[in-house]
Amino acid sequence: MRKSNKLALAIVVAALMGACGKTQVLDTWTDSAVKPAPMKRIVVVGLSGDDVTRHLFEDTFSKELKSRGNDAVAGHTTLPKGLEANPDSALAAVRRAGFDGILTARSLGVHTEETETMGAQYYNPDTGYMGRNGYYGDVSATTYTTREEKAMVETHLYQTSTGKLVWGARSSTTSSGKLTESMKDYARSVAADLGKSGFVK
């Protein structure tokens, strides 16, 4: 399984929170020309070449949407395999299945951030007679560097009746090393932000 796919559809999100992950929604966009109204039925599709990662994403995000009162379905349970490679065929299949919304997610890549932190200061007394520096010793401090792998993910919501993109977000998730937990954190954070748009509950 590719590392970028694992993190991205963890999509993603540990070092900051120990065993837990953390997702930040960085940017959002809403089509102001479309009047927002909760979609009645949404299909969730992960744009990943890895089936395990895709299925986990679709199951996790659809479950999160359901917990918020939406009728959401994981794409792999209802759509023919490989449809994402042909957008026109996918849209037609989604319409036939009675969905009025398609939520997709894809990886924008993984990058590593380094943070240098100064540790506690330590007093080293001068043990020479009367002290070299007038009774005072040296004060030294250690520094340490932490590295965090962050997955950038792009999430889109499309209106099936028009095929238009009505909402989009770019998020960053710090890997926890546990794909399932990172995925849940991503779904909670992004779904909450999506709920503010009015297109879902």
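Arg54 is buried, at 5% relative accessibility. Buried here means under 20% relative accessible area, exposed means over 50%, and partly exposed lies in between (1.4 Å probe, protein chains only). Glu58 is buried too, at 0%. The two form a salt bridge, with their closest N and O atoms 2.7 Å apart. A salt bridge is a side-chain nitrogen of Lys or Arg within 4 Å of a carboxyl oxygen of Asp or Glu. Both residues sit in helix H2 (residues 51-67), four residues apart, about one turn of the helix. Helices (H or I, at least four residues) and strands (E, at least two) are DSSP runs, numbered from the N terminus.

This is a predicted model, where local features need pLDDT of at least 70, side-chain atom pairs count only at pLDDT 80 or more, and totals for chains, interfaces and linings use all residues. Residues are numbered from 1 along each chain as its sequence is written, and side-chain values use heavy atoms, leaving out hydrogens and water.

The structure holds six salt bridges. One of them joins the side chains of Lys164 and Asp31 (3.2 Å, N to O). Lys164 lies in strand E6 (residues 164-174), and Asp31 in the loop between strand E1 (22-30) and strand E2 (42-46), so the pair ties together parts that are 133 residues apart in sequence. Lys164 is partly exposed, at 36% relative accessible area. Asp31 is buried, at 10% relative accessibility.

Arg106 and Glu154 form another salt bridge, their closest N and O atoms 2.7 Å apart. This pair links distant parts of the chain: Arg106 is in strand E4 (residues 101-124) and Glu154 in strand E5 (residues 138-159), 48 residues apart. Arg106 is partly exposed, at 36% relative accessibility.
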